[in-house]
Amino acid sequence: MSRGRAAAVRRLLEQAPPPVPPDLPAEAVRRGARMLRRRALARRLGWLVLLAASLAFVIWALTTHPWVEPPSRTTPPLTGW
C-alpha cells in the first residue's frame, strides 16, 4: 500500500464514527423477526408441497400399478399345429 493510501486510511480510522440513529436497533430486530417468520413459513410450505406430492405419487402408484407389465394386445403366432 502506498504512503498516501496508508495516510488516508489512518485519517479515516482516527475520525469519530458517524452517529447511529436511535431507532436503528429496534428496526433491525423487527426486520430480522419478519425475515425469520417468512423463512419458517416458506419451510412449512415446502414440506407441505413435498408431502402432497408424495401422497399423490403413492395414490397414483397404488391405482395404476406401474410395475406390472401390461397385457399383450396381440396373440402369439401359433406354430406346430
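Predicted model: local features only at pLDDT ≥ 70, side-chain atom pairs only at ≥ 80, totals over all residues.
Local features were taken at pLDDT of at least 70 and side-chain atom pairs only at pLDDT 80 or more, while totals for chains, interfaces and linings use all residues. Residues are numbered from 1 along each chain as its sequence is written, and side-chain values use heavy atoms, with hydrogens and water left out.

Helices are DSSP runs of H or I with at least four residues, numbered from the N terminus. Helix α1 covers residues 3–14, and its end C-alpha atoms lie 16 Å apart.

F57, V58, W60, L62, W67 and V68 make a nonpolar surface patch of about 670 Å². Such a patch joins nonpolar side chains within 5 Å, from residues with over 30% relative accessible area and no salt bridge (a Lys or Arg side-chain nitrogen within 4 Å of an Asp or Glu carboxyl oxygen). W67 is located in the segment after α2 (24–64).

| Residue | Relative accessible area | Class |
|---|---|---|
| W67 | 57% | exposed |
| F57 | 52% | exposed |
| W60 | 43% | partly exposed |

One aromatic pair is counted. The ring centres of F57 and W60 are 5.8 Å apart and their planes stand at 40 degrees, so the pair is tilted; pairing requires centres within 6.5 Å, and planes under 30 degrees apart count as stacked, over 60 as edge-to-face and the rest as tilted. F57 and W60 are three residues apart in helix α2, a separation of about one helical turn.

Terms used: Helix = DSSP H or I, 4+ residues; strand = E, 2+ residues; numbered from the N terminus. Expected span 1.5 Å × (residues − 1). Patch = residues over 30% accessible without salt bridge, like charges linked within 9 Å, V, L, I, M, F, W, Y side chains within 5 Å. Areas by Shrake-Rupley, 256 points an atom, 1.4 Å probe, with all protein chains shown as cover. Buried < 20%, exposed > 50% of the residue type's maximum accessible area, 1.4 Å probe, protein only. Phe/Tyr/Trp six-rings, centres within 6.5 Å; stacked < 30°, edge-to-face > 60°.
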